[in-house]
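My notes follow in the order I took them.

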Amino acid sequence: MAEVLVYVDHVDGAVRKPTLELLTLARRVGEPVAVALGAGAEATAAVLAEHGAVKVLTADAPEFADYLVVPKVDALQAAHEQVSPAAVLVPSSAEGKEIAARLALRLGSGLITDATDLEPGDDGPVATQSVFAAAYTTKSRISRGTPVITVKPNSAAVEPAPAAGATESLSVTFGEKSTGTKVTARTPRESTGRPELTEAAIVVSGGRGVNGAENFSVIEALADSLGAAVGASRAAVDAGWYPHANQVGQTGKSVSPQLYIASGISGAIQHRAGMQTSKTIVAVNKDAEAPIFELVDYGVVGDLFDVVPQLTEEVNTRKG
């Protein structure tokens, strides 16, 4: 069976969930070969092997931390030359998509971004995408070169599948452009204790109907009871009620959780584009004609300030 390169997103050896999802998808089309770079790369091997990596290529050098993107592209190109894979899979983060695009250009290959599923095909992997503001679902494949595909978080379940996970050192030669953009400082993101928005299994979002920054505590309380991330519509962010980093939509972040709860959100196309691929969608809105009700699995017509606190109380009761 052909090998499939999987780029590992990790923090000092702690593998992030989207990478484990990629391993699930990679096993459908070949044998996963993970590529882990930077500090802690070797520490990822055990977890990667537990989730199906037959081999783990590791490399550590100051360039991976001190410079943006290009050194990682150099490393993936070196891994491609070493393995000759059937495909390259990368998490669909902002950095991941830039890495994938640069790699595809170097390889003279086609690129598919924001895939939501992957399946084997007669002429290579077939990717499912949600396109045109999530109005259509398409299936496509790369017709030239090695397929380079970025996959959205929560597109597959994390499935343990123990494999050899043999660790090999990857030799990387950095090009002239690898030191073109230097990282001069880092500021740790302030932790909220909640999951990362794009990776969360449950997202609770508030919109214009929240009617003020002080009222987002209602949304946060429900999110905390469910162990969820907090999102916000563009209207809420533009009004200054919640940080832009939490905006869900075409000009914010795209999420695809198992459960998405929209409270006080009308459902404009701009917002739908960022959450329509969620597995189950629940909406709370006092306007029965709100567009959000066209795509939900469950809808509650009512004032969010009545409905959401009751839901939070019920969740906490069942947990307790």
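I started at Asp-287, which sits in the loop between E15 and E16. Helices (H or I, at least four residues) and strands (E, at least two) are DSSP runs, numbered from the N terminus. Asp-287 is partly exposed, with a relative accessible area of 39%. My cut-offs: buried is under 20% relative accessible area, exposed is over 50%, partly exposed is in between (1.4 Å probe, protein chains only). I took one distance here: the C-alpha atoms of Asp-287 and Val-300 are separated by 9.7 Å, and the two residues are 13 apart along the chain.

A note on the source: this is a predicted model, where local features need pLDDT of at least 70, side-chain atom pairs count only at pLDDT 80 or more, and totals for chains, interfaces and linings use all residues. Residues are numbered from 1 along each chain as its sequence is written, and side-chain values use heavy atoms, with hydrogens and water left out.

**Parallel sheet**

Which strands make up the open sheet with parallel pairing? I found 5 strands in the order E13-E12-E14-E15-E16. Two strands pair if DSSP finds at least two bridges between them. Strand E13 (229-232) and strand E16 (298-301) stand at the edges; each has a single partner strand, so one side of each lacks a neighbour in the sheet. Neighbouring strands here are turned by 15 degrees against each other on average, direction ignored. Axes are lines fitted to C-alpha atoms, for helices over the stretch in contact, and angles run from 0 to 180 degrees between N-to-C directions.

I then checked the pairing of strand E15 (residues 280-285) with E16: parallel, over 4 bridges. Asn-285 has Val-301 in E16 as its bridge partner.

H6 lies across E12, E13 and strand E14 (259-263), and runs at about 170 degrees to E12. Contact means heavy atoms within 4.5 Å.

I picked Val-203 in strand E12. Val-203 counts as buried, at 0% relative accessibility. Leaving aside neighbours within four places in sequence, Val-203 touches Leu-197, Ala-228, Ala-229, Gly-231, Pro-257, Leu-259, Tyr-260 and Ile-261.

**Mixed sheet**

I traced a second sheet, open, with 9 strands in the order E9-E8-E7-E10-E6-E1-E4-E5-E11 and mixed pairing. Strand E9 (136-140) and strand E11 (166-169) are at the edges, each with a single partner strand, so one side of each has no neighbour in the sheet.

Is strand E10 buried or exposed on its two faces? Both faces of E10 (residues 148-151) are covered: Val-148 and Thr-150 on one side, Ile-149 and Val-151 on the other, are all buried. In a regular strand the side chains alternate between the two faces of the sheet.

Strand E6 (residues 87-91) runs parallel to E10, joined by 4 bridges. Val-88 has Val-148 in E10 as its bridge partner. E7 also pairs with E10 in the parallel sense, over 3 bridges. Leu-111 has Val-148 in E10 as its bridge partner, and Ile-112 stands opposite Ile-149.

Helix H4 (residues 70-83) lies across strand E1 (3-7), strand E4 (31-37), strand E5 (55-59), E6 and E11, at about 165 degrees to E1. H5 lies across E1, E6, E7 and E10, at about 170 degrees to E10.

**Positive phi**

Most residues other than glycine have a negative phi. I noted Asp-12, not a glycine, with a positive phi of about 50 degrees. Asp-12 lies in the loop between strand E2 (10-11) and strand E3 (14-15) and counts as exposed at 61% relative accessibility. Asn-211, also not a glycine, has a positive phi of about 65 degrees. Asn-211 lies in the loop between strand E12 (202-206) and helix H6 (216-226) and is exposed at 54%.
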